[in-house]
Amino acid sequence: MNDNVKKIHEASMQILNKTGMKFYHPDALEILKNHGIKVDGNVAYFTEDQIMEWVRKAPSTAPLYASDSRFDMQIGGNRRYNGPCGGATFIMDKDGQTRPALFSDFIKLIKLFEGNPSYCLNGGLACQPNDIPTESYITLLALASMLHTQKCIFAAAGDYESMETLIQMACIRFGVTVEELKEKPRLCTIANTNTPLYLDKIMTETVLTMAKYRQPVIIASAAMAGTTAPVTLAGMIAVVNAEVLATIVLAQMCEPGAPVIYGSQSTNADMATGAIAIGSPEGALSYKYCAEMAKFYGIPSRAGGSLSDAKSFNVQAGYESMMTCMACKESGINIMTQSAGIIDSYLAVSYEKLITDFEILDFTERYLKDIDVNADTVPLDLIHEVGHAGQYLIEEHTLDYCRSELLAPHVSVRGAIADPVGQFGKNIEKRMEQLLKVYQKPDISTEICRDLKALLLKEGIDEAYIDMAVDS
């Protein structure tokens, strides 16, 4: 066992026993009391035995099923998946200027993630459109996701009513009963704790509804070292761990064995400004320890992404994103959300950065693939034949391996070219066009579309917004 992991675990147990975790929802407090947890007001206090008893009930793998079985997910173990960006309210254009995100941007992002074979998960809150009602976000974005992807469905968090609607939508989209949905989960979402040490009502209702229907829920903290959590990373990680574990316990008490994913999007605050610093080495370390703590408890993990605080699409956006991405991949994070496009401390999505981040994902995966060493990959006879001053370019061995052994980048610029300054931008545009060109909208029956529309109309969603999702 990593000694740091053991110390963080022990500190978290003391935090939950002495300081406790605040739960604002009466349903949460009732569940905790009914299971023997000491509750004073709205603060629950846990012993280590109580925590570990319920955490052990969480499964080590969270399955998630797509409409195209090629994209089914088994979240956990040594498997690594990429997840879309999420939460940004702005789109950053080429010139660095930002504009409000639109519903059409959300759908365009889904199409880009859909065209990239590195993704099995799509949808979520890829951006927050300015041109649809905020009270309808959850259902409208889920509708657009369900109609535009064949991959596993990522959804936003919400209250009981919204989450129940999502469950009904999933049953309609996939043609299954509620019991069949429980057997083969189709939805995944994120419920965020509030640092320090409390869980609000909306996130409680998300956790309890997802657990009730046995759909995977990522329980994540987004602490900031120095503002919402201790400035020392060890202190922050101990608080994060306490929050996540206490919420996992609640989910397991609601539905023992319900799939949960240990999450952390935590990082540090910039001490000069108080602003969040998502592209920092401290953030990268936080994601590493998310993976370590999740492995310790035998639970799947989610963290990080290709993240940057850069205010424009520049070299800072590149080196910060490569670092945070590599930290997640190398430490074994099972789902790396925010994997492409995020810039300016979560405020914006850049299409140009998204395409470049796709390249970062390819580079890191090739690095982690490592090398095969065998008689064929170390061709001793060929090496002897070529000798001391020969060449390998036209050898059969080179032709056999050149496509599988070496990564061919989509946007990186190599060799002598006519336009060394502008070629990178041209390659980005070309790659984006390719991804949009290969996109194919799922073939969904008119009956399913009709039933989804009827459900949302019944929920009071404006038909004009529903048609925006259906017809795009």
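**Pockets and an exposed methionine**

The second largest pocket is lined by 18 residues, and Glu135, Ser136, Tyr137, Thr139 and Ser162 lie nearest its centre. A pocket is an open set of points on a 1 Å grid over the protein atoms alone, where a 1.4 Å probe fits, with protein on both sides within 12 Å along at least five of seven lines; lining residues have an atom within 4 Å of a point. The model is predicted: local features need pLDDT of at least 70, side-chain atom pairs count only at pLDDT 80 or more, and totals for chains, interfaces and linings use all residues. Residues are numbered from 1 along each chain, and side-chain values use heavy atoms, without hydrogens and water.

The second largest pocket holds about 290 Å³ of space. Helices α5 (137-148) and α6 (160-174) each supply at least two residues of its lining (helices are DSSP runs of H or I, at least four residues; strands are runs of E, at least two).

The largest pocket has a volume of about 680 Å³ (the space filled by probe spheres set on the grid points, which are joined across faces, edges and corners). Its lining has 34 residues; Leu125, Ile190, Asn192, Arg302 and Gln338 are the closest to its centre. Strand β11 (187-192) and helix α8 (201-212) each supply at least two lining residues. β11 gives the most, with three.

Met271 lies in the loop between β16 (267-269) and β17 (276-277). Met271 counts as exposed because its relative accessibility is 54% (exposed means over 50% relative accessible area, with a 1.4 Å probe and protein chains only). Not counting residues up to four places away in sequence, Met271 touches Ala225, Gly226 and Val231 (contact means heavy atoms within 4.5 Å). The C-alpha atoms of Met271 and Ala225 are 9.4 Å apart, across 46 residues of chain.

Note on methods:
Buried < 20%, exposed > 50% of the residue type's maximum accessible area, 1.4 Å probe, protein only.
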